[in-house]
Protein chains: 2
Amino acid sequence: MPQKIVKLTVQDVRFPTSLELHGSDAMHTDPDYSVAYVVIETDQGMRGYGLTFTVGRGTEIVVCAVEALSALVIGKSLEEIVSDFRGFYRLLSSDGQMRWIGPEKGVIQLATAAVLNSIWDLWARLEGKPLWKLLVDMEPKKLISCIDFRYITDALTEQEALDILEKAKEGKLQRVDQMLKEGYPAYTTSCAWLGYSDQLLRQLCNDALKDGWTKFKVKVGADLEDDIRRCSLIRQMIGPHNSLMIDANQRWDVGEAITWVTKLAEYKPLWIEEPTCPDDILGHAAISKALAPLGIGVASGEQCHNRVMFKQFLQAGALQFIQIDSCRMGSVNENLAVLLMAHKFNVPVCPHAGGVGLCELVQHLILFDYISVSASLDNRMCEFVDHLHEHFISPVEIKNAHYMPPKDPGYSCEMKEASVQSYQYPQGEVWKQIKKQKD
Amino acid sequence: MPQKIVKLTVQDVRFPTSLELHGSDAMHTDPDYSVAYVVIETDQGMRGYGLTFTVGRGTEIVVCAVEALSALVIGKSLEEIVSDFRGFYRLLSSDGQMRWIGPEKGVIQLATAAVLNSIWDLWARLEGKPLWKLLVDMEPKKLISCIDFRYITDALTEQEALDILEKAKEGKLQRVDQMLKEGYPAYTTSCAWLGYSDQLLRQLCNDALKDGWTKFKVKVGADLEDDIRRCSLIRQMIGPHNSLMIDANQRWDVGEAITWVTKLAEYKPLWIEEPTCPDDILGHAAISKALAPLGIGVASGEQCHNRVMFKQFLQAGALQFIQIDSCRMGSVNENLAVLLMAHKFNVPVCPHAGGVGLCELVQHLILFDYISVSASLDNRMCEFVDHLHEHFISPVEIKNAHYMPPKDPGYSCEMKEASVQSYQYPQGEVWKQIKKQKD
């Protein structure tokens with residue numbers, strides 16, 4: 001019996017993280033980690049859950065965009081959608097009127113992600129599998145049929161994509177076993193947000209080392225002296241063999257990025273993340289070229305809004321680490337395209353996570369990448385931030401600094417009903433309290 | 001007395017253009033030309049009018065974004081804003097929470113344009129000048145202070161921008177006189193929308209020739225045989241010495257664009273516009289390189305979302321014609337940056353217009369470009385589409401295929417109150433009638 005989608009609801013759910021400077025960086029100084037949270041329902045009572053991540057104000061705009069897209073979803077059956085997922089992706093991303101306000105970027109792309117994430121969740125639930133397993137078990141031809149190749153055929157053809165997936169069938173089962181046993185390597189960003197004191201930094205870093213973490217990211221970019229002190233402190237604490245990454249969250253111009261990072265080179269960062277504007281492909285290429293002799297790579301992607309941008313970052317040799325995001329681009333469909341292009345260009349994928357639900361979501365994609373595409377863990381790791389997982393029905397499981405593969409069917413982003421109620425903005429209990437205290 | 005902004009209203013105004021296929025192209029097959037229409041009001045009863053252009057569905061999302069931005073505007077005085085316009089621009093574009101859903105792209109950038117357009121309009125009205133004259137009369141240092149140079153200093157420094165403006169002071173008065181007498185050269189897109197029949201094409205083209213038009217744009221990209229027939233028809237009618245431009249509205253992949261346009265080369269198009277994804281800088285560079293031997297340039301910009309993208313298009317030699325838009329980017333502020341960069345890279349600016357109000361707005365920018373920046377008309381012209389001007393208080397004036405400089409104070413985008421009322425979506429009379437007919 002086909003499952004016809006008869007209902008789509010979307011809610012604005014915000015967590016007041018700015019009160020404690022969690023998540024603070026050089027450009028987002030007071031984020032309230034938030035989601036536009038989507039629930040779809042079929043005529044047979046099955047549900048799919050999806051979300052996109054935001055940082056507070058503006059979430060209502062994404063909610064409005066999801067509502068606009070819902071007309072394209074309601075009335076369709078899941079079978080109809082997944083039998084031509086490429087077509088459905090294009091229906092959403094290329095609506096003859098709505099594409100004008102994108103296309104495939106910003107608010108409308110974030111909304112597309114939320115909606116499509118809920119559809120992938122529904123699909124995986126109906127198949128009784130966690131999303132990563134749904135993908136891993138899917139025949140290459142079917143996987144390819146989910147990708148819109150428009151605008152990327154000069155970098156990756158359908159045939160090349162198919163060949164990559166066919167080739168990676170070798171050793172797949174062993175990699176599934178390995179992942180189930182060991183999990184996927186992670187790094188932590190929880191220690192060194194910009195708003196944290198040195199004392200808190202030290203304490204968090206110490207705790208992380210005890211828990212087995214070996215890869216640490218530090219936020220930089222607001223003040224050079226401050227960055228030198230913080231990088232020095234972290235490098236001292238973690239020793240010469242663990243990894244240190246630095247993240248400027250787009251703070252610099254191109255020349256400034258090169259000068260600034262050169263001054264932090266002695267702390268041996270593996271990468272500088274988001275040194276400048278996320279749209280600046282040629283700028284990242286120039287920074288990459290200048291920092292290569294120092295052994296520092298360039299990483300970006302959490303605000304890279306579509307496959308065409310990633311295509312160019314790869315073509316230009318502008319990034320040495322590709323940071324996919326589960327909510328910035330058009331869901332699994334577009335991420336599949338990027339994983340395949342990254343493989344072709346031989347650039348490791350190290351996903352962006354954190355926020356609300358990004359860890360829960362993106363772990364599925366990186367497990368698929370290892371098992372079915374890259375077959376490699378070299379220079380690869382997935383971001384982890386230890387925040388807000390308690391609001392999810394199937395939160396991530398970290399063991400010895402590794403993501404353990406999710407076992408529950410779906411895409412892991414169903415939130416607890418009580419959390420959604422309390423943190424709804426502005427009418428949830430938590431926000432009513434905050435308002436009361438402010439008044 | 002300072003003018004404090006005390007009120008901002010925004011309305012969703014849509015024109016049912018899809019009923020007659022006006023504006024139809026290869027990607028936007030059924031546009032309802034629309035605006036998010038902003039009115040700001042000061043405590044002294046002065047008003048500023050601004051808008052951003054959209055094509056129907058999704059306008060409500062832009063309206064929602066304008067409402068979110070209004071909190072950053074209300075309570076500020078115009079004097080406060082323009083005394084540090086760069087700072088105010090950054091306040092809007094880099095709000096620590098809202099920038100996540102952009103940054104500087106898509107819905108939030110369109111909303112920023114609408115809001116800032118209304119502020120520029122207010123400023124020009126208070127100075128009692130049409131906007132182009134306000135800009136032309138402004139000292140270079142003051143002009144520069146309106147531009148956010150973040151992320152573009154590797155292509156254009158403040159000093160270089162200042163030097164360009166200082167140098168162009170020579171001959172400025174003559175150019176003002178020349179413009180007042182002759183106007184700025186325009187080309188027409190009104191003849192050859194994709195949805196029009198050959199008969200209508202012929203008739204419109206004939207009428208345009210009689211009215212003195214010498215430059216014609218044809219929509220292409222949906223069907224090659226059809227394009228050959230239409231281009232042949234138009235080239236025959238306009239003769240070998242008039243200009244023909246073709247516009248694919250992003251229909252092709254890179255390789256496809258090269259093959260397709262090569263087949264239209266015999267009709268001697270001056271440029272191919274939007275051959276592929278508007279984000280694909282390297283793709284446009286490849287197409288430019290391939291088409292250069294055929295004497296065909298590449299044009300794009302109406303969906304180029306910010307100065308960082310234009311910077312790269314220029315750095316990569318990807319465009320031979322820069323098509324600024326008055327609503328896609330961050331209003332006059334960001335367009336100033338692009339005009340100056342285009343001048344430095346020696347690429348002519350040929351603005352995108354049409355839609356609703358785009359002609360009214362962008363004529364001011366291109367007049368300023370000629371008078372105060374480029375001092376050249378070589379290979380330069382401004383798009384004109386003869387639609388919907390009747391809804392404006394100060395509509396464009398075209399004489400002998402030239403834009404005549406506006407004389408009324410402001411930025412020319414105040415709409416007639418009756419039009420706003422009738423076309424409001426969904427509650428306006430026009431839409432109520434359409435709904436009734438459909439039901």
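Predicted model: local features only at pLDDT ≥ 70, side-chain atom pairs only at ≥ 80, totals over all residues.
**View 1. Where chain B meets chain A.**
Let's start with the interface, in which 61 residues of chain B are in contact with 61 residues of chain A. Together the two chains bury about 5200 Å² between them, and 55% of that area is on carbon and sulfur atoms. On the polar side of the picture, 40 residue pairs are in polar contact between chain B and chain A, counting pairs with both residues at pLDDT 80 or more. Several elements of chain B each supply at least two residues of the side that touches chain A: strand 3 (47–54), helix 1 (59–70), helix 4 (106–127), helix 12 (281–291) and helix 13 (307–315). Helix 1 of chain B gives the largest share of that side, with six residues. Sorted by class, the side of chain B that touches chain A holds 28 nonpolar, 17 polar and 16 charged residues.

**View 2. A salt bridge between the chains.**
How many salt bridges does the rule find across the interface of chain B and chain A? There are six. One to look for pairs B:Asp279 with A:Lys105. Their closest N and O atoms are 3.0 Å apart, so the pair falls within the 4 Å cut-off for a salt bridge.

**View 3. Two helices packing in chain B.**
Here helix 7 (residues 158–167) of chain B packs with helix 14 (residues 331–344) of chain B, at an angle of about 80° and with axes 10 Å apart. Helix 7 of chain B is therefore roughly perpendicular to helix 14 of chain B. Helix 7 brings B:Glu160, B:Ala161, B:Ile164 and B:Leu165 to the contact, while helix 14 brings B:Leu340, B:His343 and B:Lys344. By class, this contact has four nonpolar, one polar and two charged residues.

**View 4. Cis peptide bonds in chains A and B.**
In chain A, Tyr425 and Pro426 are joined by a cis peptide bond, with omega about 0°. A:Pro426 sits in the loop between helix 16 (417–423) and helix 17 (429–438) of chain A. Turn to chain B, and a cis peptide bond joins B:Tyr425 and B:Pro426, with omega about 0°. The loop between helix 16 (417–423) and helix 17 (429–438) of chain B is where B:Pro426 lies.

**View 5. A positive phi in chain A.**
Which loop holds A:Asn400? A:Asn400 is found between strand 11 (397–399) and strand 12 (402–404) of chain A. Although A:Asn400 is not a glycine, its phi is positive, at about 50°. Most residues other than glycine have a negative phi.

Conventions. Residues numbered from 1 in each chain as written. Chains lettered and ligands numbered in written order. Heavy atoms only, no water. Contact = heavy atoms within 4.5 Å. Buried area = accessible area lost by both parts, 1.4 Å probe. Salt bridge = Lys/Arg side-chain N within 4 Å of Asp/Glu carboxyl O. Polar contact = N/O pair within 3.5 Å; in protein donor to acceptor, adjacent residues only side chain to side chain. Helix = DSSP H or I, 4+ residues; strand = E, 2+ residues; numbered from the N terminus. Nonpolar A, V, L, I, M, F, W, Y, C, P; charged D, E, K, R; others polar. Axes fitted to C-alpha atoms, helices over the stretch in contact; angles between N-to-C directions. Parallel < 35°, antiparallel > 145°, perpendicular 65-115°, else oblique.
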